[in-house]
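The following note sets out a colleague's remarks on one structure. Please read the numbered points with the sequence and the model side by side.

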Amino acid sequence: MAICSRSIDKLATTKADVESKCPDVEIRVVPIDFSKTLDYSSLFNDKEIAENLRLIVNNVGYFKVCKVFEDDPEDLQRQIKVNLYPVTLLSKFGINSFKNQQVNQGYVNRFGLVSVSSYSAIRHYTTAGVYGGTKRYDKFLGH
Ligand SMILES: NC(=O)c1ccc[n+]([C@@H]2O[C@H](COP(=O)([O-])OP(=O)(O)OC[C@H]3O[C@@H](n4cnc5c(N)ncnc54)[C@H](OP(=O)(O)O)[C@@H]3O)[C@@H](O)[C@H]2O)c1
């Protein structure tokens, strides 16, 4: 299992928690801030992750209750960056990994890709225009 977060402390606590409940599971922690970088090489260059990946959960998301014309440019950029890029690039990485495993292993495994959307993707809120738009993207990419 590979887990991503901005906080090294939170990753360490979660790792210990999962290990105590599932001692057979090996946990890789990947500290990354998706609002600051588009370089996911620390995750993508790990051959063992790529060769064993079976399920991706795209849970990361950023939301600020704000009307679009009142929101500042940095915050708009953060919502777009955090809500669109990880789900896109991790989905691509996952699908490539799934395909390669099927070719290399010679048998068909089951794979899964979960992308967390929001009710804001289908219901219009004036204070969640950008967030809702990004979550609608996430919803459709998941299909
Ligand atoms: N909460 C709601 O009411 C609600 C409603 C509908 C949909 N959603 C969606 O459900 C998902 C989870 O929501 P949540 O409220 O549980 O969110 P959250 O607690 O703010 O974040 C979920 C996870 O994403 C990580 N994360 C957040 N920003 C990150 C960043 N810039 N770089 C790397 N990791 C980051 C967080 O870890 P760290 O903080 O340790 O980095 C946390 O583990 C999101 O996609 C959200 O849009 C939430």
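1. Strands β3 and β4 run parallel and are joined by four bridges; two strands are said to pair if DSSP finds at least two bridges between them. Helices (H or I, at least four residues) and strands (E, at least two) are DSSP runs, numbered from the N terminus.

2. The model is predicted, and local features need pLDDT of at least 70, side-chain atom pairs count only at pLDDT 80 or more, and totals for chains, interfaces and linings use all residues. Residues are numbered from 1 along each chain as its sequence is written.

3. The protein chain as a whole has five helices and four strands. In sequence order they follow the pattern β-α-β-α-α-β-α-β-α. The C-alpha trace spans about 50 × 35 × 25 Å along its principal axes. Of the 143 residues, 13% count as buried.

4. Contacts may be considered next. Two residues are in contact if their C-beta atoms, placed from the backbone, lie within 7 Å. Among contacts in the protein chain with a separation of 6 or more, 61% are accounted for by residues 24 or more positions apart.

5. Helix α4 covers residues 73–105. Its 33 residues should span 48 Å at 1.5 Å a residue, and the end C-alpha atoms are 47 Å apart, so the two values agree. The expected span is 1.5 Å times one less than the number of residues. A kink of about 25° is centred on Lys-81; the bend at a residue is the angle between axes fitted to the seven residues ending there and the seven starting there. Just after α4, Gly-106 takes a positive phi of about 75°.

6. The buried residues of α4 are Gln-79, Asn-83, Pro-86, Val-87 and Leu-90. Their cover includes β3 (55–58), β4 (112–115) and α5 (129–142).

7. Helix α5 has 14 residues, which should span 20 Å, and its end C-alpha atoms are 20 Å apart, in agreement. Its buried residues include Val-130, Thr-134 and Asp-138. What covers the buried residues of α5 includes α4 and β4.

8. Tyr-131 lies in α5. Why does Tyr-131 count as buried? The reason is that 24 other C-beta atoms lie within 10 Å. Not counting residues up to four places away in sequence, Tyr-131 touches Phe-63, Gln-79 and Ser-120. Tyr-131 and Ser-118 are 13 residues apart in sequence and 9.0 Å apart in space, C-alpha to C-alpha.

9. Arg-123 is in the loop between β4 and α5. Arg-123 counts as exposed because it has 9 C-beta neighbours inside 10 Å. Its C-alpha atom is separated by 35 Å from that of Ile-8, 115 residues away along the chain.

10. There are 17 residues around the ligand, of which Ser-5, Arg-6, Phe-34, Gly-61 and Ser-118 come nearest. A residue is near a molecule if its C-beta atom, placed from the backbone, lies within 6 Å of it. The shell divides into eight nonpolar, six polar and three charged residues. Here Ala, Val, Leu, Ile, Met, Phe, Trp, Tyr, Cys and Pro count as nonpolar, Asp, Glu, Lys and Arg as charged, and the others, Gly among them, as polar.

Note on methods:
Buried ≥ 20, exposed ≤ 12 C-beta atoms within 10 Å, placed from the backbone.
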